[in-house]
Amino acid sequence: MSVRSVRATLATLVLSAAAVFGLAQPASAAGDNYVALGDSYSSGVGAGGYTSESGDCKRSTNAYPSLWAAANSPSSFRFVACSGATTTTVAGSQLSALTSSTTLVSVTAGGNDIGFADVMQTCVLQSEATCVSRVGTAVSAMQNSLPGKLDSLYDGIRSRAPQAHVVVLGYPRFYKLSGSCIAGLTETERGAINNASDVLNGVLAKRAANAGFTFSGVADEFTGHELCSGDAWLHSVTIPVGNSYHPKAVGQSNGYLPAFRSVA
């Protein structure tokens, strides 16, 4: 059973108990004041439909925050996620969107802190051994330096939005192993990258739980739609290069949106 399935079961039990004892139920989405924070996986890089006001942040009308807001009509919606954001830049330039009246927050952050773009560039352009070594360096950063950065960011979110339900979303596995790809990275490289994604999601889940936030992974949603699956919801190396290894519009609507919606 996935982490999200366990959480959904627990949520059902809690809501059932609330009904029995006459406890207040959560506010409907229509009453939410929603703020979407994070990096390119939240802004929607790769999904097209970028808003003119967002500039290089590339906030997309096809990204899961916009799709959720359009479907649920929250009382207010602030979309401040930005391409290239790290935990530090989210904390420094996005948290001002939060207030004491914010009731719902989503965030993706951590991939850029561990050098995601450099990892993929190294693996595409250099040897298998160099790729695996670079992935190992990233995994070490996930385990050693990233937890403290996440704690700091999450503390900042909670401080500015003390009443908010905060959802931390994860990252997909990139590759279907033994899949349809006949060129590109080796299976060893693909396996190392997938393992790194699992480690990163594990770190995010633990830090989110420690902060009292909800973690929602997307690996289940993207299973069968990874690169080399024949029906990828992710871009491979492409033009513009910034879209590479980011969700397509269908990855946002069928991957990230359900993962967020299930816990929002």
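Asp118 is partly exposed, because its relative accessible area is 37%, where buried means under 20%, exposed over 50% and partly exposed in between (1.4 Å probe, protein chains only). The model is predicted, so that local features need pLDDT of at least 70 and side-chain atom pairs count only at pLDDT 80 or more, while totals for chains, interfaces and linings use all residues. Residues are numbered from 1 along each chain as its sequence is written, and side-chain values use heavy atoms, with hydrogens and water left out.

Asp118 forms a salt bridge with Arg134, a term for a side-chain nitrogen of Lys or Arg within 4 Å of a carboxyl oxygen of Asp or Glu. This pair links distant parts of the chain, with Arg134 in helix H6 and Asp118 in helix H5, 16 residues apart; helices (H or I, at least four residues) and strands (E, at least two) are DSSP runs numbered from the N terminus. Arg134 counts as buried, because its relative accessibility is 18%.

A search of the whole structure finds five salt bridges, and the table gives some of them.

| Salt bridge | Closest N to O distance |
|---|---|
| Arg134 and Asp118 | 2.6 Å |
| Asp198 and Arg173 | 2.8 Å |

Arg207 is buried, because its relative accessible area is 17%, whereas Asp151 counts as partly exposed at 24% relative accessibility. In the pair of Asp198 and Arg173, Asp198 counts as partly exposed at 34% relative accessibility, and Arg173 also counts as partly exposed, at 30%.

Leu125 is placed in helix H5, which spans residues 116–125, and this residue counts as exposed because its relative accessibility is 64%.
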